[in-house]
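The following exercises are to be worked with the sequence and the structure at hand. Each task is followed by a solution in steps.

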Amino acid sequence: MTPDHDPPRLLSPDELQPAVDLTGRILADLDAVLLGQQGLHRLVLAGVLARGHILLEGMPGVGKTVLIKTLGQLMSLQFNRVQFTPDLMPSDILGTTILQQSGDGQRRMVFQAGPIFTNILLADEINRASPKTQAAMLEAMQERRVTVGGETRALSEPFFVLASQNPIDLEGTYPLPEAQVDRFLFKLHVEQPNVDVLEKILDTRRRGEAPAPQAFVTEDQLRGLFGAMERIVLPGPVGRYIARLVAATHPVNDTAAPDIVKQYVTHGASPRAAIAMAESARAVALLNGRPTVGFEDVNAVAPHVLNHRLILSYPARFDKISAHDVVGGLIAAIDEADLNLPSGIEVEAGA
Amino acid sequence: MEQQAAAKRWRGDVWRWAWLRLAVRGSVVYTLVWGVVALVVRVLIEDSAAWLWWGGLGLIGVWGAVAWVARRQVPSEAQTLALFDRENRLGGLLMVGDVEGAEAWAKRAAGARVPVEPRLRWRGGPSGGALALATAFVLAAMLVPMPGPAAADSRLDVSRSIAEMQQRLDVLKEEKILEAPEADQVRDAMKRIGEQAKGDDPSKTWEALDHLAEKIEQAADEAAELAQRRMDEAAGAEALAKALGEGGDTLSPERLGEAMSTLAELMEAASGAPTLDGMELPEGLAEALSQSGLDASMLDPEMLKQLADAMEGRQAELLEMIESLCEAGMCEGSGTGKKLRLAEIDPDELLDWLESTGECDGEGLLVACKSIRAGRGGINRGPGHAEMVWQDPSSKEGVEFAPELLPPSRMRDLRDSQMLGASRGAPQDIEGAAGSSGGALTHTAAGGGSAVNTVVLPRHRGAVTRYFERTNADE
């Protein structure tokens with residue numbers, strides 16, 4: 001008789017090492033293609049390993065498309081890009097049935113798959129599409145399947161959406177509703193490269209053309225990568241820390257919420273945020289070469305998991321308090337180990 | 001395993017720090033309560049400081065209770081290992097120590113095998129300061145003298161005053177000035193006053209003692225005055241008896257009869273109180289007197305001599321009584337060192353007076369005796385009888401009065417005063433008490449409990465200021 005849950009067993013160092021090597025090589029290639037965005041590359045890869053969708057926010061020309069395109073090429077994954085516009089219809093993404101005449105002269109309705117049937121979909125400037133189109137695609141993101149004409153079709157495995165939006169030039173845009181934003185694992189801000197990086201780009205990239213990446217990740221390797229992800233252990237205290245973090249984002253929770261949350265947050269994060277944080281922390285642990293999730297892994301992903309899930313109040317805008325500031329205060333206020341030492345007794349820092 | 005052992009050690013440290021923290025705070029609270037209770041109890045109950053120290057044993061109970069509370073504040077082992085994991089940056093490896101496969105990772109990470117135990121720190125400065133203040137408070141509550149309660153409930157020691165009065169009372173009783181029942185009544189009153197004397201209201205005690213002392217002094221004064229009168233009468237009788245014995249035959253029978261009547265009158269008076277039993281005369285003399293009715297013809301010179309001796313003895317007896325009263329401080333001029341002397345009356349002069357005067361009754365004879373006695377005033381020739389000398393007035397240079405030691409006042413000396421304590425309330429005038437007069441004590445109520453409330457008028461302030469700012473004390 002097989003038990004419902006096998007007792008956990010840590011990945012041995014030998015079992016974990018191939019995955020670590022593979023992710024290291026992927027990150028190295030990404031760093032070679034897109035200069036000066038190492039942190040972003042780790043988070044994007046972590047999001048991919050966590051099988052989450054990522055919302056990239058950044059100014060035009062900072063390399064969002066190049067990053068996603070390179071990632072697809074490295075991992076031998078199918079890649080599609082859709083430029084969202086106000087007149088984009090759901091069928092333009094999901095696909096539609098068309099009347100087609102076959103060789104024998106019979107006519108029948110045939111499903112013409114849209115660009116969403118891919119492994120990696122770059123939804124460029126997603127906030128420019130109409131809400132109807134956004135809703136159609138975001139449903140597919142959550143369900144990982146598409147229903148057209150009464151017939152449900154599963155999307156490719158794996159399936160990731162990496163959407164981008166421009167923080168400026170908001171005229172004629174349709175901001176994503178909170179319920180739809182919640183379906184993104186991360187919301188990552190693509191920073192402008194600094195002077196040194198720009199100089200290096202000018203030295204090494206003629207007309208901005210990045211070196212063509214070589215696909216080296218096989219399907220088996222990718223499956224092994226996700227298999228390793230499944231065996232990353234989330235210790236109980238770390239899981240409780242994630243739960244306390246998410247619970248503390250709700251200002252109505254008087255006992256857990258720190259002052260900065262009570263002051264600047266109107267609505268906190270959903271349980272989906274806790275799940276996303278746990279999964280992405282597992283991915284970060286894997287990237288760090290560990291079979292277990294530590295507090296530092298959670299703290300590394302918490303700002304990117306929570307920043308688009310917190311609805312800030314008007315005083316936050318007035319005081320120029322960003323979601324990152326709130327999450328930073330949240331992490332600083334909550335003790336990871338939940339010691340609840342008596343007041344006045346504290347652990348010496350750096351002991 | 002080493003991780004569990006380290007966690008156990010660290011949790012023990014947490015328990016010790018938590019216990020210390022709670023013990024200090026609990027001690028602060030308990031000590032403050034202890035101090036307040038000590039203050040209240042010391043105000044209400046006299047001599048309670050000794051057993052109040054036993055209140056310190058309550059600290060042991062407090063420390064025991066906080067030990068139990070501190071145990072509940074110790075983190076669990078899982079929380080402790082999570083802390084170790086975070087502080088040693090082990091990425092969760094320490095938190096899954098019991099999961100299969102963890103040993104392989106523990107070999108790679110030294111911290112996972114023997115984690116470094118984070119050090120604890122307690123910011124106990126404010127608590128320590130509060131404990132020091134609380135300790136100082138309870139020590140002050142225990143050690144600071146409480147003048148109010150001490151004076152309120154302590155007994156007033158009037159034994160010395162009562163002993164002095166007892167001594168005087170014994171003298172009065174011994175000299176039969178006070179009857180035994182009356183003396184016993186005064187003695188009982190003194191005993192009762194001594195037993196009921198309390199420090200909270202000493203004025204009542206002192207007033208009662210003053211009343212008894214005044215009563216004793218009044219009895220002594222009356223007895224001394226009467227004794228002096230009897231001495232004069234006895235001296236007169238003695239002198240008259242001597243005069244009659246020496247020259248009674250020179251008197252006319254009528255004059256002799258008057259003199260004998262006067263002698264009988266003086267003898268009768270001299271033999272009365274204050275001696276209760278009266279004067280005892282020799283048997284022959286007494287029989288002769290009883291038979292003769294003081295007829296001069298029945299008293300020969302020998303009897304008159306015995307009568308004079310008896311009167312002299314009577315004087316000595318009365319003088320001894322007066323001296324006893326003076327020794328006990330119950331006569332005027334006692335303590336001055338003056339010796340009392342018997343009156344010396346010249347019988348010849350008295351005989352001359354008897355021959356020359358027309359009347360001879362008791363009062364007249366006494367007045368004559370006083371005039372005859374040297375230095376006792378009375379009717380005599382006086383300074384005017386001295387010879388007038390017309391010469392230069394005598395110089396006052398080098399002349400000074402003989403120093404004379406004044407008797408102690410009723411207030412006694414400062415060294416005899418007793419510290420009864422300090423009253424917490426404002427002085428109150430005693431209704432009906434006579435006020436003092438004269439100087440700064442004008443309008444000050446007698447019997448204590450009164451404040452000097454003399455108003456210095458503006459026109460006098462300059463003089464008062466100069467008096468207190470004087471540099472020479474003799475000014």
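**Exercise 1.** Which residue of strand 9 of chain A does L55(A) stand opposite?

Solution. The model is a predicted one. Begin with the strands concerned: strand 1 of chain A covers residues 53–58 and pairs with strand 9 of chain A. The pairing is parallel and extends over 6 bridges. Within strand 9, the residue opposite L55(A) is K187(A).

**Exercise 2.** Determine how many residues of strand 9 of chain A are buried.

Solution. Strand 9 spans residues 184–190 of chain A. A residue is counted as buried when 20 or more other C-beta atoms lie within 10 Å of its own. By this criterion, 5 of the 7 residues in the strand are buried, and the strand is mostly covered. For chain A as a whole, 41% of the 351 residues count as buried.

**Exercise 3.** Describe the side of chain B that touches chain A.

Solution. Next, identify the elements of chain B that give two or more residues: helix 1 (2–44), helix 4 (77–87), helix 5 (102–108) and strand 1 (120–122). Of these, helix 4 gives the most, with 7 residues. Finally, classify the residues on this side of chain B: 18 are nonpolar, 6 polar and 9 charged.

**Exercise 4.** Which strand of chain A is joined to strand 1 of chain B, and in what sense do the two run?

Solution. The partner is strand 12 of chain A, residues 345–347. The two strands run antiparallel and are joined by 3 bridges. At the level of residues, V347(A) stands opposite L120(B).

Notes
Residues are numbered from 1 along each chain as its sequence is written. Chains are lettered from A and ligands numbered from 1 in the order in which they are written. This is a predicted model: local features need pLDDT of at least 70, side-chain atom pairs count only at pLDDT 80 or more; totals for chains, interfaces and linings use all residues. A residue is buried if 20 or more other C-beta atoms lie within 10 Å of its own, exposed if 12 or fewer, and partly exposed in between; C-beta atoms are placed from the backbone. Helices (H or I, at least four residues) and strands (E, at least two) are DSSP runs, numbered from the N terminus. Two strands pair if DSSP finds at least two bridges between them. Two residues are in contact if their C-beta atoms, placed from the backbone, lie within 7 Å. Ala, Val, Leu, Ile, Met, Phe, Trp, Tyr, Cys and Pro count as nonpolar, Asp, Glu, Lys and Arg as charged, and the others, Gly among them, as polar.
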